[in-house]
Amino acid sequence: MNTCQRCQDQIPEGQEIQARGERWGDPNAIYCAVCALAVEQQFQAETKNPDPIFALLAGLAAAVVGILIWYGLVVITNYHLGFVAIAIGWLVAIAVVLGAGRKRGPGLQSLSVAITLVALVISQWLIVRYFSVQALAELGFKEIPLLLPPGMMLDLVITSISEDPLALVFWALALWAAFATSARRRLRRIDRT
């Protein structure tokens, strides 16, 4: 006999539902049929009626915080720390989920990924500009405008990313973090065979 992790009732052998833990590394859970259904219904309810406006505002606020942290770390360390990109993706997704009223789902995943991508582009521009200002200062140039024509800024970002393939890995991981963190949760059953 097993015990249901949720209601603590005894479950006859063979009638338990085993599910993977919520997060990677969590132990497997054992539920009775009633509790498994309740968990699935709870997860389904998380996709209903999200607040898209607050999700957008919270995601944008998180993106600004992430950009400032990443840029600040570059200024302090004088080193481009790519793993911070992953934290930005995660931070944006958490903010979107909370802003939406603790909701998840495909629409919020798309929003999280889009905001994360914009945050990564802006962060990369600020980092490229920072290192460019340093290099040009050594050559005697005093000023570089914060903003250039958008096409030129995007070209510089693309060039800097293409010259550092590892940055693409960090960007991909950041976008995956934004996508996966705001995804609809599901009861992941374990096949007993």
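**Burial, contacts and ring pairs**

Colleague: Why is Arg104 called buried?

Modeller: Arg104 has a relative accessible area of 18%. Buried means under 20%, exposed over 50% and partly exposed in between, for a 1.4 Å probe and protein chains only; Arg104 is therefore buried. The model is a predicted one, in which local features need pLDDT of at least 70, side-chain atom pairs count only at pLDDT 80 or more, and totals for chains, interfaces and linings use all residues. Residues are numbered from 1 along each chain as its sequence is written, and side-chain values use heavy atoms, without hydrogens and water.

Colleague: Where is Arg104 placed, and which residues is Arg104 in contact with?

Modeller: Arg104 sits in the loop between helix H3 (83–99) and helix H4 (106–138); helices are DSSP runs of H or I with at least four residues, numbered from the N terminus. Leaving aside neighbours within four places in sequence, Arg104 is in contact (heavy atoms within 4.5 Å) with Glu46, Thr47, Val97, Thr181, Ser182, Ala183, Arg184 and Arg185. A polar atom of the Arg104 side chain lies 2.5 Å from the backbone oxygen of Thr181.

Colleague: How many aromatic pairs are there, and what makes the pair of Tyr71 and Tyr130 edge-to-face?

Modeller: The count is 3 aromatic pairs. Rings of Phe, Tyr and Trp (its six-membered ring) pair if their centres lie within 6.5 Å; planes under 30 degrees apart count as stacked, over 60 as edge-to-face and the rest as tilted. The ring centres of Tyr71 and Tyr130 are 6.0 Å apart and their planes stand at 90°, so the pair is edge-to-face. This pair links distant parts of the chain, with Tyr71 in helix H2 (residues 52–77) and Tyr130 in helix H4, 59 residues apart. Ring pairs also join Tyr71, Tyr130 and Phe131 into a cluster.

Colleague: Are Tyr71 and Tyr130 buried, partly exposed or exposed, and how do you know?

Modeller: Tyr71 has a relative accessible area of 25% and is therefore partly exposed. The value for Tyr130 is 14%, so Tyr130 is buried.

Colleague: What makes the aromatic pair of Trp176 and Phe179 tilted?

Modeller: The planes of Trp176 and Phe179 are 35° apart and the centres 5.5 Å apart, which gives a tilted pair. Because Trp176 and Phe179 are 3 residues apart in helix H6, about one helical turn separates them.

Conventions:
Helix = DSSP H or I, 4+ residues; strand = E, 2+ residues; numbered from the N terminus. Polar contact = N/O pair within 3.5 Å; in protein donor to acceptor, adjacent residues only side chain to side chain.
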